[in-house]
Amino acid sequence: MNTKGASIVMMIFELVVVLGISALLVFAAKDFAQSERVHKTIIAQDLEMMLSILSGISGDAVIAYPQNLSAYTIAASSEASRGQVIVFTEGDAEAQRIAQEFPLPGDYTLDGFVESAERLCLAKNGKSLFVRACTAEERLGVELP
Amino acid sequence: MNKKGESAFDVARKSIYWMIAGVVITMIALAVGGIMAGYLNSLTSVPPKLQAEALAYRFLHSADCLAYQDAETGRVYSNVIDANKFTGEQFSSCYTTESRKEINFGLTLKNAAKTIVTNNYFKTDRFNVTRTVLVWDGTQFTKDTLEMGVQEKI
């Protein structure tokens, strides 16, 4: 065996391993620092709970989400007494989208697709729930933090 | 030792070193991944009681669930249970889960000694939520205690 050659190969291997681990940690830390996934999860959970409560009130109502959601797209739908809210940003792959599912009362429906709306409103009209951008009137008097 | 011998020893030593280092690095990477995942979960976790309250809100406030609605005026009385609606069938139309991994409820009216449960409820409550309610039996209101057993992810 050529020991000098083996030593060089070993050195290259060490270098590759160190660079690989460093890159991995940098990417992981960068991804972690952005926390985009955390924001999307929190928004999806908030919307799920707000829609659950909205489905439980008697009569019609509109409630506004108290955060600026212009960076996000919200898709809401329902099928067979199951509501689903999906939160994502432009360019997100399927795996990066955050979906939250929850039970809806019997014949209730949920619908809506909102893209880059500063203010998001959740509305109940009879047994229909909607996710939509707030109208100018609904935005009045409510300051975003 | 001659130079050739030293170099062979060096290669062998490094091979052993990297074998051990490989195991240690893998363990560290797994630990870091686990810590990050745990931290992310802690950032996004919702207190189970809050989630259960949000889901259970409909039970006592919606006429499509258990709340009493005056047939003449159409007014819905929050925290008043219509005894005729306190059935498994009505409860299923109000709240149905797909699996036992979701939140399931078992509702008991203490004085009336009636219990209704959701479709994946197996009496393994994580906690209970108690409410004082009125029950409308068609002729009069009676005071009762509603105990909601909350079962989570089993």
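How many residue pairs are in polar contact between chain B and chain A? The count is eight, with both residues at pLDDT 80 or more; a polar contact is a pair of N or O atoms within 3.5 Å, where within protein one must be able to donate a hydrogen and the other to accept it, and residues adjacent in sequence count only if both atoms are side-chain atoms. The model is predicted, so local features need pLDDT of at least 70 and side-chain atom pairs pLDDT 80 or more, while totals for chains, interfaces and linings use all residues. Residues are numbered from 1 along each chain as its sequence is written, chains are lettered from A and ligands numbered from 1 in the order written, and side-chain values use heavy atoms, without hydrogens and water.

Helix α1(B) provides the largest share, 13 residues. By type, this side divides into 16 nonpolar, nine polar and six charged residues, with Ala, Val, Leu, Ile, Met, Phe, Trp, Tyr, Cys and Pro counted as nonpolar, Asp, Glu, Lys and Arg as charged, and the others, Gly among them, as polar.

In total, 31 residues of chain B touch 33 residues of chain A (contact: heavy atoms within 4.5 Å).

Arg82(A) meets Glu98(B) in a salt bridge at 3.9 Å, N to O. Arg82(A) also pairs with Glu101(A), the closest N and O atoms being 3.2 Å apart. This second pair links distant parts of the chain, 19 residues apart: Arg82(A) sits in strand β3 (residues 82-88) and Glu101(A) in strand β4 (residues 98-103) of chain A.

How values were computed
A salt bridge is a side-chain nitrogen of Lys or Arg within 4 Å of a carboxyl oxygen of Asp or Glu. Helices (H or I, at least four residues) and strands (E, at least two) are DSSP runs, numbered from the N terminus.
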